[in-house]
Amino acid sequence: MSDQALTLDLTGITQLNVTTSSGNVTVIAEDRTDLLIESGAPDPEKIERYAAGEMSGAMGEGHASESSPKWGWRHHHAESHAEDGLIHFHSAKRGSANLVMRCPTNFGLIIGSASGDVGLEGTYGKVKVTTASGRIDVDAARELDLRSVSGSIRVGRCEGTCRLSTVSGKTEVGSSEDTEASSISGKIQLTQIGGGAKVRSVSGSVEINTEGKGKVAVQTVSGSVRVEVPEGSKPDANLSSMTSRPSCECPKGNDFEIKIKSMSGKIDVVPH
Amino acid sequence: MTAAAPPALLEGAVVFTDIVGFTEYTALQGDEQALALLAVQDGFVADSLPADGRVVKEIGDGLMLWLPDACAALLTGLLLSQRFEEWSDEAMIPLGLRVGMNYGQFMRRGDDLVGHCVNVASRIVNVAGPGEVLVSETVVGRVNDQLEGVLFDELGPVVMKGVPEPVRLFRAHR
């Protein structure tokens, strides 16, 4: 692996794939047309060899036979779906290595990580991140699918569909449209929902602030649920708890639907 | 001691299911309700599993299924998920079923199945959220657009504990 920064041409490429077994991944989306790998860059010679088809392993098929760490870089046309511009980073056998890179604004990213944190600064297109224990932090994206087992998830803004899943980590979203979030024990906090929200929790608490423009559905076994709705709105609230009395401080109407079911958690629906 | 018969090599789809929230549900509702819930799940499996598939084993509230055909396995997983969602909604019980599946070769050990393919399938279900059906790239390849109305959203390469190479996963839905 080289310590030198590396710049790669992104002509015809709209998406990057990154996988790493350990080490943090930091991506900064900014006004540029190429990809700059500032830290953790591969040996440029290997990249050229791979591009020329001389390295063994089929990165596009999710496999590689080179000894770790492995790097691949391949140019594909935009229509080749997930195998567009592929970076494969696998550092498990040599310990952790941090990857820092800069890409164009609105770029698509797919990142798979075992234990490292994933931080995405700037604005992206479609982003999918899966990590076992790392934290996921995304400033802004058009569409998101983020999954972490024990790490927390933070999203600043998502303009389209936002799907988030964690087992024990906390989930925080600044603003989003249609949002699906699930957690076993982590708290879920959706600060500004401009579309519908579907939230599932086992024991983690749920806090949602909705603009009242879509259905809000929450189910939890034992977590508390608090939904804030616009002042003066009249939601069609269907609240169900087996052991506690749900509270709704809003007049009943048909402005939008709220459906909350809980076994033992407290339920509150309140105006902003 | 007689020599054991050589283990049989099998091929097919391995499906793992898990009821999200079952432990908390049992703690709150008691063992009898937990058993009743598992009986509901048994009913869904009996209705959904094709004749050539089988329940390999029960793992607490989870199940391990084997089906020789990937399409049948996927339809079974989707049907199980759908039936569970409908039941959960109607019964007002806030639980969700998650499903993970893989396709490949593995060995039979008594009534159990053993192999890398099985291990990967068990990891896949851990990535799924409640109500989701996640499948590996090999399942998608075997299905090969044979199932009308079934869509796949790629999650990308997922690094899983103990699995040396990332596995491309897809969320299957109708």
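Reply: Chain A has 1 helix and 23 strands, where helices (H or I, at least four residues) and strands (E, at least two) are DSSP runs numbered from the N terminus. The model is predicted, so local features need pLDDT of at least 70 and side-chain atom pairs pLDDT 80 or more, while totals for chains, interfaces and linings use all residues. Residues are numbered from 1 along each chain as its sequence is written, and chains are lettered from A and ligands numbered from 1 in the order in which they are written.

Of the 272 residues of chain A, 48% are buried; a residue is buried with 20 or more other C-beta atoms within 10 Å of its own, exposed with 12 or fewer and partly exposed in between, the C-beta atoms being placed from the backbone. In chain B, 44% of the 174 residues are buried.

Chain B has 5 helices and 8 strands, in the order β-α-α-β-β-α-β-β-α-β-α-β-β. Its C-alpha atoms fill a box of roughly 50 × 45 × 35 Å along the principal axes. The radius of gyration of chain B is 16 Å, which agrees with the value near 16 Å for a compact globule of 174 residues; the radius is taken over C-alpha atoms, and the globule rule is 2.2 Å times the number of residues to the power 0.38. Contacts (C-beta atoms, placed from the backbone, within 7 Å) can be sorted by sequence separation. Among those in chain B between residues at least 6 apart, 67% join residues at least 24 apart. For chain A, 36% of the contacts with a separation of 6 or more are between residues 24 or more positions apart.

Now the core. The largest nonpolar core has 58 residues, and V14(B), V15(B) and M101(B) have the most contacts inside it. A nonpolar core here is a set of buried Ala, Val, Leu, Ile, Met, Phe, Trp, Tyr and Cys residues joined through C-beta atoms within 7 Å. The element that gives the most to this core is α4(B), with 7 residues. V14(B) touches several residues beyond four places away in sequence, among them M64(B), W66(B), M101(B) and F106(B). Its partners also include C117(B), V118(B) and A121(B), and these three are buried residues of α4(B). Also buried in α4(B) are V120(B), R123(B), I124(B), V125(B) and V127(B). The 12 residues of α4(B) reach 17 Å from first C-alpha to last, close to the expected 16 Å, which is 1.5 Å times one less than the number of residues.

Two loop residues of chain B complete the view. M92(B), between α3 (70–91) and β4 (96–109), has a positive phi near 55° and is partly exposed, with 14 C-beta neighbours inside 10 Å. N144(B), between α5 (137–143) and β7, has a positive phi near 45° and is exposed, with 9 such neighbours.

Definitions and conventions: Contact = placed C-beta atoms within 7 Å.
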